[in-house]
Amino acid sequence: LVRALRAIDDADIALLIVDATEGVTGQDQRLAERVDASGCPIVILLNKWDLVNDPERRHEVETEMRRKLSFLGEAPVIKISALSGKNVHKLRPRLQEAIEQYHRRVPTRDVNKVIAQAQQESPAGGGAKVLFAVQGATDPPTFTLFANRELPQHHVRYLERRIKEAFGFGSTPIKLRIRRKDA
């Protein structure tokens, strides 16, 4: 576990392999939390899926996984059998897509259009407003929002969701930094 935790901090992308016959364990959750905190994208592999034959049990495993790993958002899940190779071919395209999202750079004007539209549709309240936004980094995509005052957390999450949707970041985590700019 210690080696895995150290490797996560250096990773550009992570694969979380969950034994479908056991379901998501506490250790799986801890690793997933560390990956999420590191900001790198994650792909979940449900291994030994071919050994879970009962449709009701399959549904239970999927429901439990979504519940226990809900903090990962839209992380792709691939149901595989490492032994037989079933669905392993689906891994490469998902990895490529996640890596492209992780390195994606968005023009400043486009970020500001999305923020302006989002604020017009759902203002933060209390006069709080993002005045300007810029993507300052990739790996993970990091955006700095310059606001006239403190933004409510629910509004920050809303803006994060809108940026992810507008620019196709999918399951790649993005970071928002809020800077107060006196008007």
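**Pockets and a buried glutamate in the predicted model**

The second largest pocket is lined by 15 residues, and M65, R66, A75, V77 and I78 lie nearest its centre. Two elements each give two or more residues to this lining: helix 3 (55-68) and strand 3 (77-79). In the second largest pocket, the volume comes to about 260 Å³. Its lining comprises 7 nonpolar, 5 charged and 3 polar residues.

The largest pocket has a volume of about 450 Å³. A total of 18 residues line the largest pocket. Nearest its centre are G73, E160, K164, G170 and P173. Helix 6, spanning residues 153-166, supplies the largest share of this lining, with 5 residues. By class, the lining of the largest pocket holds 8 charged, 6 nonpolar and 4 polar residues.

Helix 3 also carries E64. Is this glutamate buried or exposed? The relative accessible area of E64 is 18%. The cut-off for a buried residue is under 20%. E64 is therefore classed as buried. Which residues does E64 contact, once its neighbours within four places in sequence are left aside? The contacts of E64 are then with G23 and V24.

Definitions and conventions. Residues are numbered from 1 along each chain as its sequence is written. This is a predicted model: local features need pLDDT of at least 70, side-chain atom pairs count only at pLDDT 80 or more; totals for chains, interfaces and linings use all residues. Side-chain values use heavy atoms; hydrogens and water are left out. On a 1 Å grid over the protein atoms alone, a cavity is a set of points where a 1.4 Å probe fits but cannot get out, and a pocket is an open set with protein on both sides within 12 Å along at least five of seven lines; lining residues have an atom within 4 Å of a point. Grid points are joined across faces, edges and corners, and a volume is the space filled by probe spheres set on the points. Helices (H or I, at least four residues) and strands (E, at least two) are DSSP runs, numbered from the N terminus. Ala, Val, Leu, Ile, Met, Phe, Trp, Tyr, Cys and Pro count as nonpolar, Asp, Glu, Lys and Arg as charged, and the others, Gly among them, as polar. Buried means under 20% relative accessible area, exposed over 50%, partly exposed in between (1.4 Å probe, protein chains only). Contact means heavy atoms within 4.5 Å.
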